[in-house]
Amino acid sequence: MLKIYFGEFEADNYIFNPDVYFNNTYEDEWIVDKISVEMIKDIDGSKVMGPRLIDSPFLGSIPVERLSGGVKTLILMNNDDSHVFNASACGDNCAKWILKIAENKDIMIRLGYLMDFGDASFEVEIVNTRKLVHSQKELVIEVLDNKLI
Amino acid sequence: MVGKYDIEIYNNKVHYFLEVNRNITILKGNSATGKTELIRLVSEYEANGASSGISLKCEKKCSVLTNVAWELRLSALSQTIVFIDETADFIKTKRFAELVRGSDNYFVIVTRDDLSQLPYSVDEIYGLVNVSSTSKYKAYKKVYNEMYRLYNLNPIQNVNPELVITEDSNSGYQCFSHIFDKCISSNGKSNIYESIREHKDKKLLVIVDGAAFGPEIGKIMGYLSLNECKCVIYAPESFEYIILKSELLDVPNEIINQTYNYADSKEFASWEEYYNKYLINLSQQTIYKYSKTQLNKNYLGKKALEKIKHVLPEQIQ
């Protein structure tokens with residue numbers, strides 16, 4: 001299940017800057033993992049040529065470190081269970097992937113804006129208030145009513 | 001710093017255009033739209049100049065501020081367009097807000113989070129989009145990006161509000177309560193959401209000071225997108241802007257149309273502050289002597305109100 005902490009988060013295992021953290025911690029096998037390949041294709045429009053080479057339609061052949069901050073954060077969420085990542089590094093186009101990653105395991109992320117999780121129903125725990133929400137509408141109202149951001 | 005500046009930066013793969021015309025510009029949007037790449041180009045050009053292979057065209061110097069000694073570096077910058085990526089954790093601090101206020105630099109900040117300490121305009125929030133069609137610009141070719149305004153706050157047609165909510169609790173509220181039958185004040189921009197929620201069953205018109213409402217607009221639009229209520233947001237720069245535009249006083253066109261040439265960022269944190277000071281000074285010796293806290297009764301005369309109403313969009317007059 002997906003758990004979201006809204007607002008400013010402080011913890012020893014919190015990663016504010018997932019972009020830099022990814023560059024210094026990623027494993028080659030994370031990149032060629034099936035879901036990573038799909039996320040990189042969907043978000044960045046890029047093709048994984050190998051664990052150390054990405055084919056970007058805009059930038060050409062690039063190293064893994066030049067992936068977008070959003071997709072790097074998604075890959076971290078999928079592969080590193082020991083940290084809480086700042087999902088404000090992800091745009092709305094990452095929302096469906098965050099929900100997908102959370103289908104198979106519990107993950108907790110931090111958000112500082114109202115990410116659009118779409119029209120379909122989902123189950124998310126708002127960590128600040130310990131409330132379960134099941135739609136974008138419930139999520140927005142819970143966050144704004146409680147002035148979480 | 002005053003003025004409006006075009007910035008064009010490119011290498012042989014990507015090409016960006018943007019225009020900044022006041023002290024704070026916010027960039028947000030989907031992942032992989034090129035925001036970080038833009039910052040990277042500015043940074044590499046700053047470090048290596050033309051030998052970077054990057055071209056940067058701008059009348060003003062462009063610089064990137066990172067977490068490293070940011071306060072010291074900022075203190076050394078003047079008449080510069082300062083780019084800051086979302087990876088800089090100081091952008092939400094009170095200290096940064098203090099330094100932006102009174103700075104003679106312009107700031108272009110990449111962030112999806114709202115920066116509640118900074119008075120930025122709803123009109124200066126941009127998303128980077130690719131404007132090249134994939135058929136024309138294929139892989140490994142340049143991508144041309146342009147900035148677009150995220151929030152189209154033009155009211156929909158035929159707005160007949162059952163209730164008007166104003167952010168302003170002073171002169172603006174006093175004036176609008178004479179123009180609209182039912183008008184209440186939210187007593188500040190941070191209470192707008194609660195006011196909308198409280199009256200969500202009514203047809204609402206919400207009037208906010210657009211010049212400093214940027215930090216709130218994402219939340220309000222996020223709520224309105226749920227279609228819980230019929231609500232139109234009208235975000236003129238400020239109430240004083242409406243007065244200046246109403247022709248009650250003799251105001252040069254440039255003050256309204258080219259405010260960027262007059263509202264010096266060193267003196268005014270937002271255009272709202274500029275319009276307020278300008279109006280107070282201009283009206284000092286006239287029957288329309290203006291005070292923000294108590295509206296001069298001459299603004300509430302029939303002819304004056306008509307002129308003020310005339311400034312409002314047709315749909316809400």
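How many residues of chain A are in contact with chain B, and how many of chain B with chain A? Hi everyone, let me start there. Please keep in mind that this is a predicted model. On the chain A side there are 29 residues, and they are in contact with 22 residues of chain B. Where do the chain A residues come from?

As a reminder, two packed helices are described by the angle between their axes and the distance between the axes. For helix 1 and helix 4 of chain A, the axes come within 9 Å and cross at roughly 60°. An angle like that makes helix 1 of chain A oblique to helix 4 of chain A. The crossing of these two helices is left-handed. Helix 1 of chain A brings A:Pro18, A:Asp19, A:Tyr21 and A:Phe22 to the contact, while helix 4 of chain A brings A:Gly69, A:Lys72, A:Thr73, A:Ile75 and A:Leu76. By class, that contact has five nonpolar, two polar and two charged residues.

Now turn to helix 4 and helix 5 (residues 95-104) of chain A. Here the axes come within 10 Å and cross at roughly 10°. From helix 4 of chain A, the residues are A:Leu74, A:Met77 and A:Asn78, and they meet A:Trp97, A:Ile98 and A:Ile101 of helix 5 of chain A. This contact has five nonpolar residues, one polar residue and no charged residues.

One more stop in chain A, at A:His134. You'll find A:His134 in the loop between strand 9 (131-133) and helix 6 (136-145) of chain A. Is A:His134 buried or exposed? It is exposed, with 11 other C-beta atoms within 10 Å. Leaving out residues up to four places away in sequence, A:His134 touches A:Ser121, A:Phe122 and A:Glu123. A:Asp106 is 28 residues from A:His134 in sequence, and their C-alpha atoms are 16 Å apart in space.

Over to chain B. The domain assignment gives domain 1 (5-149) and domain 2 (163-316) of chain B. Taken over C-alpha atoms, the centres of the two domains of chain B are separated by 29 Å. Their contact takes 20 residues from domain 1 of chain B and 17 residues from domain 2 of chain B. The domain 1 side of that contact has eight nonpolar, six polar and six charged residues.

Inside chain B, have a look at helix 4 (residues 171-179). Its buried residues are B:Ser171, B:Gly172, B:Tyr173, B:Gln174, B:Cys175 and B:Phe176. What do they pack against? Their partners in chain B are strand 10 (163-166), strand 11 (183-185), strand 12 (204-207), helix 7 (239-245) and helix 10 (302-311).

Finally, B:Asp6, which lies in strand 1 (residues 5-10) of chain B. B:Asp6 counts as exposed, with 12 C-beta neighbours inside 10 Å. Setting aside neighbours within four places in sequence, B:Asp6 is in contact with B:Glu19 and B:Cys58. B:Glu19 is 13 residues along the chain from B:Asp6, and 4.4 Å separate their C-alpha atoms.

How values were computed:
Residues are numbered from 1 along each chain as its sequence is written. Chains are lettered from A and ligands numbered from 1 in the order in which they are written. This is a predicted model: local features need pLDDT of at least 70, side-chain atom pairs count only at pLDDT 80 or more; totals for chains, interfaces and linings use all residues. Helices (H or I, at least four residues) and strands (E, at least two) are DSSP runs, numbered from the N terminus. A residue is buried if 20 or more other C-beta atoms lie within 10 Å of its own, exposed if 12 or fewer, and partly exposed in between; C-beta atoms are placed from the backbone. Two residues are in contact if their C-beta atoms, placed from the backbone, lie within 7 Å. Domain bounds come from an automatic or database domain assignment. Ala, Val, Leu, Ile, Met, Phe, Trp, Tyr, Cys and Pro count as nonpolar, Asp, Glu, Lys and Arg as charged, and the others, Gly among them, as polar. Axes are lines fitted to C-alpha atoms, for helices over the stretch in contact, and angles run from 0 to 180 degrees between N-to-C directions. Angles under 35 degrees count as roughly parallel, over 145 as roughly antiparallel, 65 to 115 as roughly perpendicular and the rest as oblique. A crossing is left-handed if the near helix is turned anticlockwise from the far one by less than a right angle, and right-handed if clockwise.
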